[in-house]
Amino acid sequence: MTYTCSDFSMDIARCLIDAAVVEADAYADADIGAQADLAIAGIIDAGRSARAARFVSLVLKSSLATDTGTLADSLRLADAIAKDATLVLAPTRASFAAFIATLPGGADWSRYLTVHRG
């Protein structure tokens, strides 16, 4: 038996649903274009969540992980990464922004935060 494009699509859909990347009810639309859009959006969101989790792991491995302010800011930044948003920090938390810049991938993480200058 030959594995078809339809089989592949069905396997991908099943994996996305099983991994809770997309909801089964939402994916039930018979329009393959709508299914593709939903799958792509789900994959992008899952990637952001994975990046946020990697960021939290890096922070937790750092020596600053015991600082309550750093931990709270890290969780807020992870949330911003997952949502593709920007965390706005008070000027008093500028040291956190400097810390983020020193992490592996710091330039990437830093693009999700800004220090309010006002």
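Guide:
**The packing of helix 3 and helix 4**

Helix 3 and helix 4 (residues 68–83) pack with their axes 8 Å apart and at an angle of about 160°. Here, helices are DSSP runs (H or I, at least four residues) numbered from the N terminus; axes are lines fitted to C-alpha atoms over the stretch in contact, with angles from 0 to 180 degrees between N-to-C directions. Helix 3 is therefore roughly antiparallel to helix 4, a term for angles over 145 degrees. Their crossing is right-handed, meaning that the near helix is turned clockwise from the far one by less than a right angle.

This is a predicted model, in which local features need pLDDT of at least 70 and side-chain atom pairs count only at pLDDT 80 or more, while totals for chains, interfaces and linings use all residues. Residues are numbered from 1 along each chain as its sequence is written, and side-chain values use heavy atoms, with hydrogens and water left out.

The contact (heavy atoms within 4.5 Å) between the two helices involves Arg48, Ser49, Arg51, Ala52, Phe55, Val56, Val59 and Leu60 of helix 3. From helix 4 come Leu71, Ser74, Leu75, Leu77, Ala78, Ile81 and Ala82. By class, this contact has 11 nonpolar, 2 polar and 2 charged residues, where Ala, Val, Leu, Ile, Met, Phe, Trp, Tyr, Cys and Pro count as nonpolar, Asp, Glu, Lys and Arg as charged, and the others, Gly among them, as polar.

Gln35 also lies in helix 3 (residues 32–61). Gln35 is buried (under 20% relative accessible area), at 16%. Leaving aside neighbours within four places in sequence, Gln35 is in contact with Tyr27, Asp29 and Ala30.

Note on methods. Buried < 20%, exposed > 50% of the residue type's maximum accessible area, 1.4 Å probe, protein only. Parallel < 35°, antiparallel > 145°, perpendicular 65-115°, else oblique.
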